[in-house]
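Subject: Structure handover

Hello,

Please find the structure below, with notes on what was found in it. The notes come after the display and can be read beside it.

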Amino acid sequence: MKPEHVTQKSIGPSPLCALFLRELRIGRRIGGGASLGVVFFLILVTLTPFAIGPDQALLARIAPAILWLAGLLATLLGLDRLFQSDHEDGSLDLFSMSDMPLELIVLIKCVAHWILTGLPLVAAAPLFGLMLGLSANQLGAVTLSLLAGTPALTLVGAIGAALTVSLRRGGLLLAILILPLCVPVLIFGVSAAANDAMVGFKTPFLILCALTLAALAGAPIAAAAALRQMME
Amino acid sequence: MINKTVLHRFGLCRFSIMRLEASDLSIERGGRILFARVSFAIEAGASLTVTGPNGAGKSSLLRALAGLLPLRQGRIQWLPSSDERLAEKAHYIGHSDALKGSLTAVENVNLWAAMLGAGSIALSAQAALATLGLAHVADLPAAYLSAGQKRRVALARLLVAERPVWLLDEPSTALDLASLTLCQKIMASHLGKGGMIIAATHAPLGLGGAELRLNAPA
């Protein structure tokens, strides 16, 4: 059988599009990704009333913080595998040999990861907010702040994932590296979500958006640089 | 459509690299020099077989050529010279097959066709897998394939994206006799079209061409 190189040459799909679809497929097929993060989020949120006691007013007051902390931890879940599985099976080597810049590949992987893990959290947030007795006004604020803030968590987490790519048990180290860097996002996220009379919603929300945009610009470059260092 | 096909037909045989030259290469791993002052040159349509005992640095040499390891010393040049990295003109088949177990063989190959093919696909993934005798398992998740079948899926990468230089690290690992013959045919056809192959191997691949022997570091 001779390969028929000549006759079948055709224009293929865009590399980034193909990579994006592949990431989504892998995430869905392993059967963890999205659903697992939301279940973890749910468990954290339901555990809180047991720990704090059934004080409705108190719960409603700390609900934004609980939702944000739960969101932060749920985002960390599975982030350690973001580059590790590609490193182990040699895919990462091949990514670096494509004519796409590694930064763009990192960004695509982050976007796909956020759609699989962050977006379901955002979608579930109003429901979980109700469970904690949030008012309708605050439900919107919490959901919007998570929508604007969780991409920053994923992107900053990608830097940690890149730094721990060659470590077998990188998960804990990743959390230790990343959680301090998530403090600004957490501060402004919770403050936007709380939507109280003194600070309001708009200012912390805009700062949160700025943090996400900064992460969008900086994190892929940092993560790609870390990957290049760690790959050899 | 017809025009495009004809254009591709003319462009096909002219791979962009005519001669590849490496001079004075040395590589260091973990503070230890694996080899020093290794030089070689290959012309289009020729192959180079890298041999040597375990630990002599065969894989490291291929990884360095693929841009995956930094060189301690030396330079790699090619004619006609260009600003691109050699990595973007080369295929690399390493020890791992770069397959995702949860994706089917076709999906795996399709990704690499898109990622490595620079916008054009030389051969469809289905056809490439059929060429390697894997048509019947094309829609199976890669996790269910045997080691030899996985290796052949990895080799299918070579067919779906056209790149002039093939860097093959033990390409015959886990292949049965029939697949080995198939693999040799594919390599011969690549050389016939003016490509280059640099292969590290213990088992004879029947490529002909020059041999570069690396000695174990003292």
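**Strands 1 and 2 of chain B**

L25(B) stands opposite V38(B), which lies in strand 2 of chain B. Strands here are DSSP runs of E with at least two residues, helices are runs of H or I with at least four residues, and both are numbered from the N terminus. Strand 1 (residues 19–29) and strand 2 (residues 32–43) of chain B run antiparallel and are joined by eight bridges. Two strands are taken as paired if DSSP finds at least two bridges between them. The hairpin of strand 1 and strand 2 of chain B has two residues between the strands, and G30(B) takes a positive phi near 60° there.

Before going further, note that this is a predicted model, in which local features need pLDDT of at least 70 and side-chain atom pairs count only at pLDDT 80 or more, while totals for chains, interfaces and linings use all residues. Residues are numbered from 1 along each chain as its sequence is written, and chains are lettered from A and ligands numbered from 1 in the order in which they are written.

R37(B) is also found in strand 2 of chain B. R37(B) has a positive phi of about 55° although it is not a glycine. For background, most residues other than glycine have a negative phi, and most peptide bonds are trans. R37(B) counts as exposed because it has 10 C-beta neighbours inside 10 Å. The cut-offs are these: a residue is buried with 20 or more other C-beta atoms within 10 Å of its own, exposed with 12 or fewer, and partly exposed in between, the C-beta atoms being placed from the backbone.

**Strand 8 of chain B**

How many residues of strand 8 (residues 196–200) of chain B are buried? Five of its five residues are, and the strand is mostly covered. M196(B), I198(B) and A200(B) point one way from strand 8 of chain B, I197(B) and A199(B) point the other way, and all are buried.

Strand 8 of chain B pairs with strand 3 (residues 47–51) of chain B in the parallel sense, over four bridges. Strand 8 of chain B also pairs in the parallel sense with strand 7 of chain B, over five bridges. A200(B) is the bridge partner of V50(B), and A200(B) is likewise the bridge partner of D169(B).

**Two domains in chain B**

Chain B is divided into domain 1 (14–81 + 164–208) and domain 2 (99–163); such bounds come from an automatic or database domain assignment. The centres of the two domains of chain B, taken over C-alpha atoms, are 22 Å apart. Where they meet, 12 residues of domain 1 of chain B are in contact with 10 residues of domain 2 of chain B. Two residues are in contact if their C-beta atoms, placed from the backbone, lie within 7 Å.

On the domain 1 side of chain B, strand 7 (165–169) and helix 6 (177–192) each supply at least two residues that touch domain 2. Helix 6 of chain B gives the largest share of that side, four residues. By class, that side of domain 1 of chain B has nine nonpolar, two polar and one charged residues. Here Ala, Val, Leu, Ile, Met, Phe, Trp, Tyr, Cys and Pro count as nonpolar, Asp, Glu, Lys and Arg as charged, and the others, Gly among them, as polar.

**Loops of chain B**

A174(B) lies in the loop between strand 7 and helix 6 of chain B. Phi of A174(B) is near 70°, a positive value in a residue other than glycine. With 14 other C-beta atoms within 10 Å, A174(B) is partly exposed.

A cis peptide bond joins L79(B) and P80(B), with omega about -10°. P80(B) lies in the loop between strand 4 (73–79) and strand 5 (90–93) of chain B.

**Chain A**

Chain A has 10 helices and one strand. Along the sequence, chain A follows the pattern β-α-α-α-α-α-α-α-α-α-α. The C-alpha atoms of chain A fill a box of roughly 75 × 35 × 30 Å, taken along the principal axes. Of the 232 residues of chain A, 49% count as buried. Among contacts in chain A between residues at least 6 apart in sequence, 80% join residues at least 24 apart.

Regards
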